[in-house]
Amino acid sequence: MPLLKSWVESANAPNGQFPLNNLPYGVFSTSGDARRCGVAIGDQILDVTALEQDAHLSISDDPVFVASSWNAFMALGPEVWRSFRARLQAMLGTEASQADREACSGALVPQADATMHLPVETRGYADFYGCRNHAFNVGTMFRGPDNALPPNYLHLPIAYSGRASSIVISGTEIRRPWGQLKAPEEDAPRFAPCERFDFELELGVIVGQPSEFGRPVSVAKADEMIFGYVLLNDWSARDIQTWEYQPLGPFQAKATANTISPWIVTGLALEPLRVSTPEREKPLLPHLQEPGPMLYDIDLEVLLLPDGADHPTTITQSNYSEMYYSAPQNLAHHTTSGCPIEVGDMLGSGTISGTTRKSRGSLLELSWGGTEPVEIDGGITRSFIEDNDTIIMRGSARGDGYLVGFGQCTGKVLAAYADPYSRD
Ligand code: CA
């Protein structure tokens, strides 16, 4: 499918992030007004809350866009997701009726005037470890290349349950955490600010349909339950993790924050860009086998902007097709226990690393545990994130003559509190 033309001229710009083929969903406000649901088109946002209130859009018997999230819409299910997208494309396409054009023209807000907010209410969050390249790199650093992959790695997608309460929107400042640190040569732990603070380049999958308590879902069913994807920075305190993680996995090391990009790129927009997971090194058990291609070809990059620098430096370029496990496999695995999934739950893909040094998805890997600092423009280096560094993630998938853009996921790391227990 080629670029679909819109009467919103900015949506037809070459290499634009938000053409009519994309139509990602977000929540925004302007100058202190209430939060509304919006759809990105070119450099504008279509205010679908306003269109529903004006009765130009009717999704369901009850209003869907009154709450400041997409949860109510997601709950309506894939058929409504498809028909709504078709309606949007008709309203914003060059063949739109005069009535549609007039109504939509009055509901367009420049993105430059909007503040973005979390697009969904998320109660459950789990983070996976689904990229073999990342698992191999980290395992090699800690156990050597012969024992890099845990024995279960090629049989199931490893994960831990994280906290939904610290998922924050792009632009939120992140405070460097304190924690227990203990280097191998130290006799006892100490309580101090994290010294090895890091990012992880991931995609977050937003689940739009629930699963039943006590019943697992198949990979095919899991694929249908997925609403869309966002960029995800899983902020990681490497030194806190090293000391705390055995035997139950990461806890405080991963709880500080997860930053997500504001626009949910839908599975429907990504549909033409499906690619397969790599060849299986060991056959998966039937309940985790994929009925078709379940990954997407999405280019990803991370930039680091030091405090005061006039431009950021690209420090890694990767692609979502590097994953060993797909989001539907992760979701299907999560339900094998009978654990119910709720509308709005989010799953992290795991750090997305390529096979080359310049495609590693974390500073831990890029600097190889701090032994090979990364060069930043301006003659400086980084082993881990320093105070007042800003981490910027970008992503886009290339269609036939258009992009499906994810926008940006950014966060600036502030210095730790001098005394985290004092308000002074
Ligand atoms: Ca992670």
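Which residue forms a salt bridge with Asp-100, and how far apart are the closest N and O atoms? The partner is Arg-87, with 3.2 Å between the closest N and O atoms, where a salt bridge is a side-chain nitrogen of Lys or Arg within 4 Å of a carboxyl oxygen of Asp or Glu. The pair links distant parts of the chain, since Asp-100 belongs to helix H4 (residues 98–105) and Arg-87 to helix H3 (residues 78–92), 13 residues apart. Helices (H or I, at least four residues) and strands (E, at least two) are DSSP runs, numbered from the N terminus. Side chains of opposite charge can pair when their charged atoms come close. In the whole structure, the search finds 19 salt bridges.

The structure is a predicted model, in which local features need pLDDT of at least 70 and side-chain atom pairs count only at pLDDT 80 or more, whereas totals for chains, interfaces and linings use all residues. Residues are numbered from 1 along each chain as its sequence is written, and side-chain values use heavy atoms, with hydrogens and water left out.

**Domains**

The protein is divided into domain 1 (9–117) and domain 2 (125–414), with bounds that come from an automatic or database domain assignment. Their C-alpha centres lie 29 Å apart, and the contact (heavy atoms within 4.5 Å) takes 27 residues from domain 1 and 27 residues from domain 2. Between them the two domains bury about 2,100 Å², 67% of it on carbon and sulfur atoms; buried area is the accessible area (1.4 Å probe) that two parts lose on being put together, summed over both. Tyr-25, Met-74 and Trp-81 supply 27% of the area that domain 1 buries against domain 2, more than any other three residues. Across this interface of domain 1 and domain 2, the rule finds zero salt bridges.

**Pocket and cavity**

Both kinds of space are found on a 1 Å grid over the protein atoms alone: a cavity is a set of points where a 1.4 Å probe fits but cannot get out, a pocket is an open set with protein on both sides within 12 Å along at least five of seven lines, and lining residues have an atom within 4 Å of a point. Grid points are joined across faces, edges and corners, and a volume is the space filled by probe spheres set on the points. For the classes in the table, Ala, Val, Leu, Ile, Met, Phe, Trp, Tyr, Cys and Pro count as nonpolar, Asp, Glu, Lys and Arg as charged, and the others, Gly among them, as polar.

| Space | Volume | Lining by class |
|---|---|---|
| Largest pocket | about 820 Å³ | 14 nonpolar, eight polar, six charged residues |
| Largest cavity | about 40 Å³ | six nonpolar, three polar, no charged residues |

Of the 28 residues that line the largest pocket, Tyr-129, Val-138, Gln-241, Tyr-245 and Pro-250 lie nearest its centre. Helix H5 (132–143) is among the elements that each supply at least two lining residues, and H5 gives the largest share, five residues.

The structure holds one cavity of 30 Å³ or more. Its lining includes Leu-203, Tyr-229 and Asn-330, and strand S13 (201–207), helix H9 (327–334) and strand S22 (346–348) are the elements that give two or more residues to it.
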